[in-house]
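Dear colleague,

Please find below the structure that I am handing over to you.

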Amino acid sequence: MPKLVLKAGSRPPWVGLAAAVWVQIAAGNSYNFPLFSSEIKSVMGYNQQQITILGVANDIGESVGILPGIACNKFPPWSLLLVGTVLCFSGYGVLWLSVSQTVENLPYWLLWIALCIATNSNAWFGTAVLVTNMRNFPLSRGTVAGILKGYIGLSAAVYTVIYGTVLNSSSSKLLLFLAIGLPVLCLALMYFIRACTPASGEDSSEHVHFLFTQGASVLLAIYLLSTTVISDTVSLSGTVSYILVAIMVILLMAPLAIPVKMTLFPAKKLSSAVNSSDNLVQGEGVATQTSPLLTPSSSATYLGSFYENEEASDVETLLAVGEGAIKKKRRPPRRGEDFKLREALVKADFWLLWFSYFLAVGTGVTVLNNLAQIGIALGVDDTTLLLSLFSFCNFVGRLGSGVVSEHFVRSRTLPRTFWMICAHLFMIVSFLLYALGLSGTLYVATALLGICYGVQYSIMVPTASEIFGLRNFGIIYNSMALGNPIGAVLFSALLAGYIYDTEAAKQGSSTCLGPNCFRLTFLILAGLSGLGTIVSIILTIRVRPVYQMLYAGGSFRHPQSSNH
């Protein structure tokens, strides 16, 4: 891989983070499927089963990111964004041609492939900005992951506001906006998403900058929830609608205030910058590295004995190599160092993390995909508020888990996977509340599940990077993300769909009413969350020494790998 050209200075990483906010909104375009699926059903004359299968294409396209995971180590971020824009334009373009009846009678299989291609742009957009910003802020991985995952969680509310105000609830206009507007947006931001000299963490204002960004996202979330509720209860004029959208755009631009402030009021440099982030993305031909990936922090004094016995054998091995007694060979990486995907796949920690994540998002997405039907079954006619509540709490879980886990991992070296245990336990409570079938507990269960669902998404990202390193983080992260579509197929399409249809058949209707429609599903999901709790406990016990090593002095310290 050609050596990346890094943007030097303390300001560019914050410019990239501000631009990443907008790209993450674009990367949430798959959340629009409920907004135009009914129009596809009406125009094309499809039945509900065909629409459900299109929903599976929506989930598969969104989550299959193996190719962008590989590409992020071989090509610059702008190239991934370019691929994403092409996929977004071509996929949603075909859907627009069909819904607007510009081209009539397009075959079903073509629309299925087009939707899969369109939502696969999410994987390219998300991988480009997530991997780049994790490398630009290697000392604040949990915080950065929480912010970026939080904004993608808010994207559904952003599109809902745009759809209901600017686009006048027109599915055809929405698809045209997705086909043209999102590619233009990402092309405009392409220059700013780039590898920079990593933030050193020594700037005292960095913490304040993160707090400002988090505060801006919370304000945006509250504003979007309020706007959704108001627009559903009050008829707004065109002028008021455009004003509301303008305020939303200003709030989305809030993170840009940080680099503007750094330009107008530059801080004095206290020390030299840390090593360039290209050390994190060396080509696969480089077998060893003599310099640490990050400048040693105060925790270095705590690390002397962690690999003491292994370091002694390292010296003997080097002496033997020098004397020609043995052939020099690269040793397998240790946890906390940089793994290749094939090296991670043979580790128990990888599969424990994968199954914990799979059991969490698989059960969560089952409720999300069926939330409207759940509300109707329990007597809630308008499920818009239910969906908005889930979206808001999902954002709270994503952002809050990044902040909380970052605090405790630095202050008490508490593994981030501890919060996955907590989320699994509260998901059990949530599913049992759903199983009760009481309308009074419906909103409580939805809010609780939304928070836990967001926590699981946000915690997996920095955990994977800390256990398996940042060098091949893109492909490892996207391998973890495969748990989402697999869970959607197994638990949502097969399990929940089968039980729902069975109960509906007993009632002699295609629509099921009453708590029995999903009760058995919720009890099974609670059991799966219990299994996820056990898996997460085992993983937490196993990785505790890794976190004690990485954060022993209260700040991140990448383990120095020795040559073999």
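In which helix is the place of glutamine 214? Glutamine 214 sits in helix 9. Please note before reading further that the model is a predicted one.

With a relative accessibility of 8%, glutamine 214 counts as buried, because the limit for that class is under 20%. Setting aside its neighbours within four places in sequence, glutamine 214 is in contact with Thr143, Ile147, Leu399 and Val403. Threonine 143, one of these partners, belongs to helix 7, which covers residues 141-164. Threonine 143 is likewise counted as buried, at 9% relative accessibility. Residues up to four places away in sequence not counted, threonine 143 touches Phe210, Gln214, Gly402 and Glu406.

The chain as a whole

The chain contains 21 helices and zero strands. Of its 564 residues, 55% are buried. Among contacts with a separation of 6 or more, 84% are between residues 24 or more positions apart. The accessible surface of the chain is about 23200 Å², and carbon and sulfur atoms account for 66% of that surface.

Aromatic pairs

A pair of aromatic rings is described by how far apart the centres are and by the angle of the planes. The count for this chain comes to 25 aromatic pairs. In one of them, the ring centres of tryptophan 14 and phenylalanine 210 are 4.9 Å apart and the planes stand at 55°, so this pair is tilted. Tryptophan 14 lies in helix 1 and phenylalanine 210 in helix 9, so that the pair links distant parts of the chain, 196 residues apart. Tryptophan 14 and phenylalanine 210 are both buried.

A further aromatic pair, formed by tyrosine 434 and phenylalanine 522, is stacked, with 4.8 Å from centre to centre and 15° between the planes. This pair also joins distant parts of the chain: tyrosine 434 is in helix 17 (residues 417-436) and phenylalanine 522 is in helix 21, 88 residues apart. Both tyrosine 434 and phenylalanine 522 are buried.

Helices 20 and 21

Helix 20 (residues 483-506) packs against helix 21 (residues 519-550) at an angle of about 145°, and their axes are 9 Å apart.

Helix 11

Which residues of helix 11 are buried? In this helix, which spans residues 257-264, they are Ile258, Pro259 and Met262. Viewed down the axis of helix 11, the buried residues fall within an arc of 95°, so they line one face of the helix. The cover over these buried residues includes helix 1 (12-26) and helix 9 (206-233). Helix 1 and helix 9 are also the helices that hold tryptophan 14 and phenylalanine 210.

With kind regards

Technical notes: Residues numbered from 1 in each chain as written. Predicted model: local features only at pLDDT ≥ 70, side-chain atom pairs only at ≥ 80, totals over all residues. Heavy atoms only, no water. Helix = DSSP H or I, 4+ residues; strand = E, 2+ residues; numbered from the N terminus. Buried < 20%, exposed > 50% of the residue type's maximum accessible area, 1.4 Å probe, protein only. Contact = heavy atoms within 4.5 Å. Areas by Shrake-Rupley, 256 points an atom, 1.4 Å probe, with all protein chains shown as cover. Arc of directions from axis to C-beta. Axes fitted to C-alpha atoms, helices over the stretch in contact; angles between N-to-C directions. Phe/Tyr/Trp six-rings, centres within 6.5 Å; stacked < 30°, edge-to-face > 60°.
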